[in-house]
Amino acid sequence: MKVAVVGATGMVGEVMLKVLEERNFPVTELIPVASERSVGKEVTFKGTAYKVVSLETAVAMKPEIALFSAGGDTSKEWAPKFAEAGTTVIDNSSAWRMDATKKLVVPEINADTLTKQDKIIANPNCSTIQMVLALAPLHKKYTIKRVVVSTYQSVTGTGVKAVRQLENEYAGIEGEMAYKYPIHRNAIPQIDVFEENGYTKEEMKMTRETKKIMGDDAIKVTATTVRIPTVGGHSESVNVEFEKDFDLAEVRQLLAETSGITIQDNIAAFEYPMPLYAEGKDDVFVGRLRRDETQPNTLNMWIVADNLRKGAATNAVQIAQYLVDNRLV
Ligand code: 2RA
């Protein structure tokens, strides 16, 4: 399998390479791709150095699969060119996610909708992926009416400039700012730009993408997304109201049986998910499972995942693996 990684020198691109390597993805030829200023740089894959090439060069090489993590504008312009050349693109930007002609895929939930005709496949937003992985089995059993989610998101979701801002502030060094405000010792209740309704784009992604992935427009989602000074992953406080009543032990069991979820929920042992310990892991960690005692059929839970892994690179590689396993490329 000839595999291109577009944005190979970025934070998500680097993790994509790592995940492809760890999972022993059947790569016969790796094509690392980046912007003009990175062309000629080297990336290492399975102990071999590969030279970064331009987008034009990569299209001409006709890879079977291209994993894109290079921003929306690059995806809008280049994903169709790769698709025309016969490449299946798995795109991590928001460019195609809400396009009705493109699938938005979390493999454990809806990979079975994919066909050979899907040449551009969208990878959902990181904060959405970890939430829907836990919501999907519960929706099947109890039917979700409404979700209230508040996020505590890692600076790695913004990129390397934000990680540097945090490190500089921590060390007391002046440097470039990724955010309008200091992030060290702070919590910024704005992720991405504001939309006309007063919500941020990140908050609306959680609302819109959840409905699309779960294939149910009736699910109501209201979100508040917040950037905090962590690097290991995103955390989410999720309050879910169901149509039907549930048994807490059964909820725990359903989640424990879901591929990709690890339950960390033992308050007697002070066991619950935390981003410091989710870093570098592919699973989504769920804990603090408890009834919302203020209204019927309502559950509270705490969900943590490495946003660069399951929230981005791992999910994309899992889609690619599904395509290979099912001979869809
Ligand atoms: C963030 N969700 O954390 C974004 C990254 N895709 O900012």
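**Questions on a predicted model**

Guide: Touching, or contact, means that the C-beta atoms of two residues, placed from the backbone, lie within 7 Å. The model is predicted: local features need pLDDT of at least 70, side-chain atom pairs count only at pLDDT 80 or more, and totals for chains, interfaces and linings use all residues. Residues are numbered from 1 along each chain as its sequence is written.

Visitor: Is E243 buried or exposed?

Guide: A residue is buried if 20 or more other C-beta atoms, placed from the backbone, lie within 10 Å of its own, exposed if 12 or fewer, and partly exposed in between. E243 lies in the loop between β11 and α8 (248–256). Because E243 has 11 other C-beta atoms within 10 Å, it counts as exposed.

Visitor: How far apart in space are E243 and S150?

Guide: In sequence, 93 residues separate E243 from S150. From C-alpha to C-alpha, their distance in space is 22 Å.

Visitor: In which sense do β9 and β11 pair?

Guide: Helices (H or I, at least four residues) and strands (E, at least two) are DSSP runs, numbered from the N terminus. Two strands pair if DSSP finds at least two bridges between them. Between β9 (residues 144–153) and β11 (residues 234–242) there are eight bridges, and V149 stands opposite V238 in β11. The sense of the β9 and β11 pairing is antiparallel.

Visitor: Which are the edge strands of the open sheet?

Guide: Six strands form this sheet, in the order β10-β9-β11-β14-β13-β12, with mixed pairing. An edge strand pairs on one side only, and this holds for β10 (220–227) and β12 (261–263).

Visitor: What angle does the direction of helix α5 make with that of β11?

Guide: Helix α5 (residues 126–142) packs on the sheet, where β9, β10 and β11 are among the strands it touches. Axes are lines fitted to C-alpha atoms, for helices over the stretch in contact, and angles run from 0 to 180 degrees between N-to-C directions. The angle between α5 and β11 is about 25°.

Visitor: What is the radius of gyration of the protein chain?

Guide: The radius of gyration is taken over C-alpha atoms, and the globule rule is 2.2 Å times the number of residues to the power 0.38. For 329 residues, a compact globule would have a value near 20 Å, so the chain agrees with that rule at 20 Å.
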